[in-house]
Amino acid sequence: MTNKHHSSRSQTKDMTAGSPYALMIGFAMPVFLSQVFQQLYNTADAFIVGKFLGTNALAAVTSSGTLIFLMTSFFMGIAMGGGVVISRYFGAGDSQQVFRAIHTVIAFGIVSGVLLTAAGVALTPTFLKWMQTDPEVMPEAVEYFRYYFLGALAMVMYNICCNIMNALGDSRRPLYYLIFSSLLNVTLDLLFIAGFHWGVWAAAVATVISQASSVALCMIHLLKKGSIYTVEIKKIRFYGDMLSEIIHNGLPSGVQNSVIAFANVIVQSQINSFGKLAMAAYGTHAKIEGFAFLPITSFNMASTTFISQNLGAKQYDRAKKGSRFSILAAMLLAEAIGILYYIFAPELIGLFDKTAGVIEYGVGQARTVALFYFLLAFSHSIAAVCRGAGKAFVPMIIMLSIWCVLRISYIAAIMYLVGEIRYIYWAYPLTWSISSVIYLIYYLRSDWVHGFER
């Protein structure tokens, strides 16, 4: 069954016709706002915890990002592959394959969420010890992580649902649901920590409750009858050929995410060796950088969906035009934010912790990396183009070799030779620069627009 079903697309966005610029901006803006509210989840935890529970609790929460990303990144990469497959068949007008892909990726999300819950709760102390977590911080870090991973199913399923809607060009509903859950998260943080004076575990519980509310809203929408993506509970299962296609597109992204996460954990463990002030500063910087990264993420998601749909419809020149726009937009926005961060780093770090040592470490890192954000944007933008074209293997190889092997080797060597924290910070601009050169050569010289056919 292959037809366009235009009437069923009223709640989706066909990106194969109309102005590429208007379509991509229209898609990217809700994603950008969604990402802002997504960052509020962890940032609200960090801000409120830092104000009411002190530096040890702040270090426990802010150091969570690298470990959580390590635990979830592989599954999220597979989900991204599902989004590419859905976009491709949606662009080609094959509603039956869209249906099968959606139900397969939901089944994958359910299984992944259960596995993550078990692994996260059981392995948290082992990971934290391996990361050289400060003994003063360890009890609260274990507490926070274990409660957080009890809600891993909600975390995974929210991302799965968002991938489905984004793949179909609907980036507005995830925004609305996220606004609601983010406001709920902040409210619960204030209630549990400032009001009830509960410990750091309450911040994790607030996040889990908020993410579960997002999943409930997403599933209510996806279960509605009459649309191209109507989910039928009884048909949620692994369709063998579709699962194979999703894994083929998603496995490279999953491996890429995992190796980046692994490299970040290595960096975090080195930072942890400098004590709790360095831990709190590094984690706080990561929260702020999360916001700086938002325009990159937004245009990357728009780019991947746009390119997948248009290559599915065999509109190659249009896909190239959209890719150029998304790369330029992400680079300009990222650099503008990087300049602002460089200037206002002391004030931004101080919002989370007024401790002089935390601010000193945080500003040192910010002013080392912020002016190089355009390179980070470029690398991720080309990676998004590759994923949208079914060439996810390319960014996986580049990220594995440069952002993992080279970055870890550099840090190991520099810590052996010098042992100063500021040289760890330089690992990022160095590897961003090298990967950007490689990506530029690939983008200009390869035939990426025929990735699906090949």
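## Salt bridges

Lys 276 is partly exposed because its relative accessible area is 24%, where buried means under 20%, exposed over 50% and partly exposed in between, with a 1.4 Å probe and protein chains only. The model is a predicted one, in which local features need pLDDT of at least 70 and side-chain atom pairs count only at pLDDT 80 or more, whereas totals for chains, interfaces and linings use all residues. Residues are numbered from 1 along each chain as its sequence is written, and side-chain values use heavy atoms, with hydrogens and water left out.

Lys 276 meets Glu 136 in a salt bridge with an N to O distance of 3.2 Å, the term standing for a side-chain nitrogen of Lys or Arg within 4 Å of a carboxyl oxygen of Asp or Glu. This pair links distant parts of the chain, since Glu 136 sits in the loop between α4 and α5 (138–149) and Lys 276 in helix α10, 140 residues apart; helices are DSSP runs (H or I, at least four residues), numbered from the N terminus. Glu 136, at 47% relative accessibility, counts as partly exposed.

The structure holds six salt bridges, and another of them joins Arg 100 to Asp 241, whose closest N and O atoms are 2.6 Å apart. Here too distant parts of the chain are linked, with Arg 100 in helix α4 and Asp 241 in helix α9, 141 residues apart. Arg 100 counts as buried because its relative accessibility is 15%, whereas Asp 241, with a relative accessible area of 45%, is partly exposed. In the salt bridge between Lys 235 and Glu 232 the closest N and O atoms are 3.6 Å apart; Lys 235 is partly exposed at 37%, and Glu 232 is partly exposed at 28%.

## Largest pocket

The largest pocket has a volume of about 180 Å³, a volume being the space filled by probe spheres set on grid points that are joined across faces, edges and corners. A pocket is an open set of points, on a 1 Å grid over the protein atoms alone, where a 1.4 Å probe fits, with protein on both sides within 12 Å along at least five of seven lines, and lining residues have an atom within 4 Å of a point.

Among the residues that line the largest pocket are Ile 288, Phe 291, Leu 340, Tyr 341 and Phe 352. The elements giving two or more residues to this lining are α10 (276–292) and α12, and α12 gives the most, with four residues.

## Surface patch

Leu 340 also belongs to a nonpolar surface patch of about 530 Å², together with Ile 339, Tyr 342, Ile 343, Phe 344 and Leu 371. Such a patch is made of residues with over 30% relative accessible area and no salt bridge, nonpolar side chains (Val, Leu, Ile, Met, Phe, Trp, Tyr) being joined within 5 Å, and accessible areas come from the Shrake-Rupley method with a 1.4 Å probe, for which only the protein chains shown count as cover of residues. Phe 344 lies in helix α12 (residues 316–350) and counts as partly exposed at 43% relative accessibility.

Ser 112, in helix α4 (residues 95–130), counts as buried at 1% relative accessibility. Leaving aside neighbours within four places in sequence, Ser 112 is in contact (heavy atoms within 4.5 Å) with Phe 75 and Val 156.

Ile 266, in helix α9 (residues 240–272), is buried with a relative accessible area of 16%, and touches Trp 130 and Ile 408, not counting residues up to four places away in sequence.

Note on methods. Patches are made of residues with over 30% relative accessible area and no salt bridge: like charges are joined within 9 Å, nonpolar side chains (Val, Leu, Ile, Met, Phe, Trp, Tyr) within 5 Å.
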